[in-house]
Amino acid sequence: MPKMNKQTRIKNQMRKLFALIIIGILISACKKSESIPVSNSKPIKNDTVKADHSTSIATSDSESLLNLFTKRKEEVLLKLKSISAEQANALYEKYHEENGYLVHQIEEKEDGIIQNFYSEKENDKKEIKLLGEKLLKHQLQYDEIGEGYVEITTKPDFYYAIFKNYVTSDYKDYLFLQSEENKVPYSVDAGLIISFKDLGDRVVSWENFMNKYPNSKLMKSVKDEYKMYQMDYLIGEDNTPTYERPADEKYIYPENIEEFNRFLKKYPKSPTVPLIHLFMENFKNENIAEMLRAAQDKL
């Protein structure tokens, strides 16, 4: 199996940390009843999602975990019919968080098969195919994250399909953007999968979202993702840079200059425009990434 780069190692470390945090949350949920406070509406009691948290932690059978995953979805769909939009927002946050841990559990139980995802052995191929079909029945799928690694994720529009008719407009638009972007992998093996043009359009999509919903509770997470997109658009990733980096021959690739000019012409009022100018004027500076991050913080 190929050696992981720094970006992949960090991603895996964050996933493990996330799992530990969620374990604590779910154990706490087993011990006491709690509410999700929502202004101007009745709180959602702990039985909003009547999932057996102790079962989700202790179950060692993959099939049971998959059935629990689908059961939770059905309970959420039922609950959504009787709560306010603000409560639906809160329910999405809680459900998304708990689902992250449950999917991680399913992935661990199926790790023996997933490890052979790229195997050429017929028996391994058969097992991978059968597991893929089983996951699909529960609206789950494989996601190839690069360097020989595969994880299990929800289908691209999973959360949008569930919550779109119940949450507030900012959450609905957020989930739609996420569902559209999840259809195409963004980055694998420290390189972009999508074109720089598509990446630039993603940047603008999130700028439009932030302009439309400046007071959204989602703003922090949106800004974090937006800044990541901006940086990758401007300087690229290790295996898909926007410029030649050796100190004695630095230059921006012609195709990226062409893309920057397209962006400048099409989106002249975008907050990314001054960053493009900053990059094009200073790309030979060895501290260009730090310069761009400092400029981002001022936007």
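Which residues touch the most other members of the largest nonpolar core? Before I answer, a word on the source. This is a predicted model, in which local features need pLDDT of at least 70 and side-chain atom pairs count only at pLDDT 80 or more, while totals for chains, interfaces and linings use all residues. Residues are numbered from 1 along each chain as its sequence is written, and side-chain values use heavy atoms, with hydrogens and water left out.

The answer is I106, F163, F209, Y233, L234 and F279, in a core of 67 residues. Such a core is a set of buried Ala, Val, Leu, Ile, Met, Phe, Trp, Tyr and Cys residues joined through side-chain atoms within 4.5 Å; buried means under 20% relative accessible area, exposed over 50%, and partly exposed in between, with a 1.4 Å probe and protein chains only. Helix α10 gives the core its largest share, eight residues. Helices here are DSSP runs of H or I, at least four residues long, numbered from the N terminus.

Beyond neighbours within four places in sequence, F279 has contacts (heavy atoms within 4.5 Å) that include L234, I252 and F260.

Let me turn to V222, which sits in α10, residues 219-235. V222 counts as buried because its relative accessibility is 1%. Outside four places in sequence, its contacts are Y174, W206, F209 and M210.

Finally, the aromatic rings. Rings of Phe, Tyr and Trp (its six-membered ring) pair if their centres lie within 6.5 Å; planes under 30 degrees apart are stacked, over 60 edge-to-face, and the rest tilted. The count is 24 aromatic pairs. Y251 and Y253 are edge-to-face, because their centres are 5.7 Å apart and their planes stand at 85°.

Notes
Helices (H or I, at least four residues) and strands (E, at least two) are DSSP runs, numbered from the N terminus.
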